[in-house]
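The model is predicted.

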Amino acid sequence: MHNADVRDAVRSYAADIALTLSVHRGVGPALVWPDTEPSGLLDGLATHAAARLAAVPPGPSPAALVPAGPEAGPLSGFLGEALDCAMTARYGYAPPGVPGRELLADGDLLVIPVDRGCDCSVHPPARPDPLRMRLLKGEVLYVPQDFAVRVSGRHASSPLLVITFPSPGVPDVPGVRSSGSRIRTPAP
C-alpha cells in the first residue's frame, strides 16, 4: 500500500468510529465493528505499545496508561477532526484473569485491542449489574465518562490503545465548549 492508501484506510476506520459516536456519544456505551482495519495499523500499534509499556517500571498503579507516540497520531488526528475535540492516545494492558483492570479517564474513552482481544465489563452509573462483552483485535468500545470499565485478557495480557476525549458539553479548551452533536465524517 502507498502512503495515500494507508491514510485513506485509517480515515475510513476513523469514520466508522465517528459514525457510531454520532449516535451514542454522551448517551451510553457502544461497540464499533469497523468495516476494515487499515493494513498493518494494529500490528504497528501493538509493536509500539509493547515497547512503550516495557519501558515503564512496575509501580503501585497497575492501571497506569502510558502516552502513545506519533504512530497513533493519524488515527487520533482523524477522530479529533471528526469530533472537533482534542484526543489523548495512550497504551495499556488488559491483564489476564478476573476482575481485570479498571481504566480511569477524565473524559469519554475508546478502548481498542491492538493485539489479541479482551473481556470488558462496563458499569453504568446507578446500576448494579455490569454489561459484559468480549472485544476482538480492532473492535472498538466507546465508554462515556460516567461509566466505569474494567478490562482483562482472556488467557494472556492484551495490549490496548485507549483514546480519551472530552465528554459532550465539557470544555475541551479553557473557555471553549464542545457541542457533542457536531460530529463530522472525515473528508476523503
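## Helices on the sheet

Helix α2 spans residues 41–54. It lies across β2, β3 (88–94), β5 and β10. Its direction makes an angle of about 75° with β3.

Helix α3 lies across β3, β5 and β10. Here the angle is given against β10, and α3 runs at about 30° to that strand.

## The sheet

Six strands make up an open sheet. Their order is β1-β8-β5-β10-β3-β2, and the pairing is antiparallel. The edges are β1 and β2 (66–67), each of which pairs on one side only. Strands of a sheet pair through backbone hydrogen bonds, either parallel or antiparallel.

Strand β5 (residues 108–113) is joined to β8 by three bridges, and the two run antiparallel. Leu110 has Tyr142 as its bridge partner in β8. Six bridges link β5 to strand β10 (residues 158–165), again antiparallel. In β10, Leu161 stands opposite Ile112.

## Strand β8

Three bridges also join β8 to strand β1 (residues 30–32), and this pair runs antiparallel. Leu31 has Leu141 as its bridge partner in β8.

Which residues of β8 are buried on each side? Val140 and Tyr142 are buried on one side, Leu141 and Val143 on the other. Both faces of this strand (residues 140–143) are therefore covered, since buried means under 20% relative accessible area. In a regular strand the side chains alternate between the two faces of the sheet.

## Helix α1 against helix α3

Two packed helices are described by the angle between their axes and the distance between the axes. For helix α1 (residues 3–24) and helix α3 (residues 73–83), the axes come within 9 Å and cross at roughly 45°. That angle makes α1 oblique to α3. The crossing is right-handed.

On the α1 side, the contact is made by Arg7, Val10, Arg11, Tyr13, Ala14, Ile17, Ala18 and Leu21. On the α3 side, Pro74, Leu75, Phe78, Leu79, Glu81, Ala82 and Leu83 take part. By class, this contact of α1 with α3 has twelve nonpolar residues, three charged and no polar ones.

## Burial in α3

Leu75, Ser76, Phe78, Leu79, Gly80, Ala82 and Leu83 of α3 are buried. The buried residues of α3 pack against α1, β3, β5 and β10. After α3 comes Asp84, with a positive phi near 55°.

Is Cys118 buried or exposed? Cys118 has a relative accessible area of 1%, so it counts as buried. Cys118 sits in strand β6 (residues 118–123). Leaving out residues up to four places away in sequence, Cys118 touches Ala94, Pro113, Met133, Arg134, Leu135, Ser152, Ser158 and Leu160. Arg150 is 32 residues from Cys118 in sequence, and their C-alpha atoms are 10.0 Å apart.

Ala105 is in the loop between β4 (101–103) and β5. Its relative accessible area is 32%, so Ala105 is partly exposed. Ala105 and Phe165 are 60 residues apart in sequence. In space they are 8.9 Å apart, C-alpha to C-alpha.

Key. Residues numbered from 1 in each chain as written. Predicted model: local features only at pLDDT ≥ 70, side-chain atom pairs only at ≥ 80, totals over all residues. Heavy atoms only, no water. Axes fitted to C-alpha atoms, helices over the stretch in contact; angles between N-to-C directions. Helix = DSSP H or I, 4+ residues; strand = E, 2+ residues; numbered from the N terminus. Parallel < 35°, antiparallel > 145°, perpendicular 65-115°, else oblique. Left-handed = near helix turned anticlockwise from the far one by under 90°. Contact = heavy atoms within 4.5 Å. Nonpolar A, V, L, I, M, F, W, Y, C, P; charged D, E, K, R; others polar. Buried < 20%, exposed > 50% of the residue type's maximum accessible area, 1.4 Å probe, protein only. Pairing = 2+ DSSP bridges.
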